[in-house]
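Subject: Structure handover

Hello,

Here is the structure I said I would pass on. Please open it and keep it beside this email while you read.

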Amino acid sequence: MKVDVLLGLQWGDEGKGKIVDVLTPDYEIVARFQGGPNAGHTLEFEGKKYVLRSVPSGIFQGNKLNVIGNGVVLDPALFKGEIEALEKSGHDLKSRLYISKKAHLILPTHRLLDACYEASKGDSKIGTTGKGIGPTYTDKVSRNGLRVGDILHNFEEKYNAAKAKHLRILNQYNYDTNALADIEKEWFEGVKKLKEFTFIDSEHFINNATKSGKKILAEGAQGTMLDIDFGSYPFVTSSNTITAGASTGLGIAPRNIGEVYGIFKAYCTRVGSGPFPTELHDATGDKLREFGFEFGSVTGRPRRCGWIDLVALRYAIMIDGVSQLIMMKSDVLDTFDTIKACVAYEVNGERVTEFPFEIDDTIKPIYQEMKGWQTDMTKMQKEDQFPKEFSDYVAFLEKELGVPIRIVSLGPDRAQTIIRK
């Protein structure tokens, strides 16, 4: 049995959480393969709204098993808060959530280092969420990190050594560490909560499950354009958000990856700093933000909004090997007279259709315009109810991208989802 992968194709916030929740009935295990609590997955159903940071989005569906993989970085304090909020809503988690021993821990000093490094950049800030993600991955690749499994083996000694190393760096920057004691208190309470869950050798667990015929869905965080290797560097996250990240983040051999579901919005958004060729600084951009409620589910920061970028989307589909597309927030475009799609860039006076090495303010998007549908799509219950203009937009995207759009989302609720024939 092969492992299917679901991931975002833009700059994150595509709506992955909802789609994992929708697809989970077809799977027995949902496994998160990278990222940390800087990535919030929002789910809405039965009149309630949930924001997941570290817990996989399949947690709400029956008795499905959920795995936090080795590629994830985990903050015990934030994990504790997330778990307790879910438990209050009546969801039993301990029997259905397993945690990889090889997942790296975000330490209290990682959060201080994150803030310190960002402050030192001045006008060149990356726009980090300040959750300690970057410094944790830095320690991971420099072989100085602490992992979940270390909690069971000489943990105090390992923790104090890592803390001392971080404090020396912070002192070199003359950074204020007075908040550390309070952060540590919450963090160690989180470690106690973490120990209530089952720690596993996730690579063995996943591969044994595939051998026994179990269906597994690997869930990514952020988006392809934030990938550390292939994203809009340096304005990216610290992990591999692409399909290949599922191999390293869960221990899956590339030949054992099956379907790749690529999620994108019917328009485009970005949070934080970094290039964004189709960004709109006008009333249209404000309208997209307002109608799409484009604010970060973890940070609350307003998202930058613009028309869909097919140059970047084609690039993401190529890198990820996407076999099926899922279009989100189609309903946000309901009231627009004209819809635009960026089909190419103008770079130094030349038309370019391949995503370039570097994108900056000199790149001009080349748009194709289409007539809007002026219909309330949230009330559509099946595909044959779609207005012609919307069907034309879907057909145009499929032709440009070369991959079928299998699912169309018409609202935030689980029920507002059309699976196309």
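N348 is in the loop that joins strand 16 (338-347) to strand 17 (350-352). N348 is not a glycine, yet its phi is positive, at about 50°. With a relative accessibility of 74%, N348 counts as exposed, because the cut-off for exposed is over 50%. Please keep in mind that this is a predicted model.

N154 also has a positive phi of about 50° without being a glycine. The place to look for N154 is the loop between helix 4 (133-141) and helix 5. Its relative accessibility is 58%, so N154 is classed as exposed.

One further backbone feature is a cis peptide bond, which runs from Y233 to P234 and has an omega near 5°. P234 sits in the loop between strand 10 (216-219) and helix 8 (244-250).

Next, the helix pairs.

How do helix 3 and helix 5 lie relative to each other? The axes of helix 3 (residues 108-120) and helix 5 (residues 155-172) come within 9 Å, and they cross at roughly 20°. Angles under 35 degrees count as roughly parallel, so helix 3 and helix 5 are roughly parallel to each other. Their crossing is left-handed. On the helix 3 side, the residues that meet helix 5 are P108, T109, H110, L112, L113, C116 and Y117. On the helix 5 side they are Y159, K163, H166, L167, I169 and L170. By class, the residues of this contact between helix 3 and helix 5 are nine nonpolar, three polar and one charged.

Helix 5 has a contact with helix 6 (residues 180-194) as well. The axes of helix 5 and helix 6 come within 14 Å and cross at roughly 150°. An angle over 145 degrees counts as roughly antiparallel, and helix 5 and helix 6 are therefore roughly antiparallel to each other. The crossing of helix 5 and helix 6 is right-handed. In helix 5, F155, Y159, K163 and L167 take part, and they meet L180, E184, W187, F188 and V191 in helix 6. The contact of helix 5 with helix 6 has seven nonpolar residues, two charged ones and no polar ones. Y159, K163 and L167 of helix 5 are listed in the contact with helix 3 and again in the contact with helix 6.

Which residues join helix 10 to helix 11? The axes of helix 10 (310-320) and helix 11 (residues 388-401) come within 10 Å and cross at roughly 55°. That angle makes helix 10 oblique to helix 11. Helix 10 passes helix 11 in a right-handed crossing. L310, L313, R314 and I317 of helix 10 make the contact with F396, L397, E400 and L401 of helix 11. Six of the residues in the contact of helix 10 with helix 11 are nonpolar and two are charged, with no polar residue.

G321 has 45% relative accessibility and so counts as partly exposed. G321 and I242 are 79 residues apart along the chain, while their C-alpha atoms are separated by 9.4 Å.

Last, the database annotation. Under "active site", an unreviewed UniProt entry lists D13, H41 and K140. Where is D13? D13 lies in the loop between strand 1 (3-8) and helix 1 (16-23). Is D13 buried, partly exposed or exposed? Its relative accessible area is 25%, so D13 is partly exposed. Buried would require under 20%. Apart from neighbours within four places in sequence, D13 is in contact with K265, T269, V271 and R303.

R303 lies in the loop between helix 9 (283-291) and strand 13 (304-306). L288 is 15 residues from R303 along the chain, and the C-alpha atoms of R303 and L288 are separated by 9.8 Å.

Regards

Conventions: Residues numbered from 1 in each chain as written. Predicted model: local features only at pLDDT ≥ 70, side-chain atom pairs only at ≥ 80, totals over all residues. Heavy atoms only, no water. Axes fitted to C-alpha atoms, helices over the stretch in contact; angles between N-to-C directions. Helix = DSSP H or I, 4+ residues; strand = E, 2+ residues; numbered from the N terminus. Parallel < 35°, antiparallel > 145°, perpendicular 65-115°, else oblique. Left-handed = near helix turned anticlockwise from the far one by under 90°. Contact = heavy atoms within 4.5 Å. Nonpolar A, V, L, I, M, F, W, Y, C, P; charged D, E, K, R; others polar. UniProt positions renumbered as here; feature names shortened; annotations may be inferred. Buried < 20%, exposed > 50% of the residue type's maximum accessible area, 1.4 Å probe, protein only.
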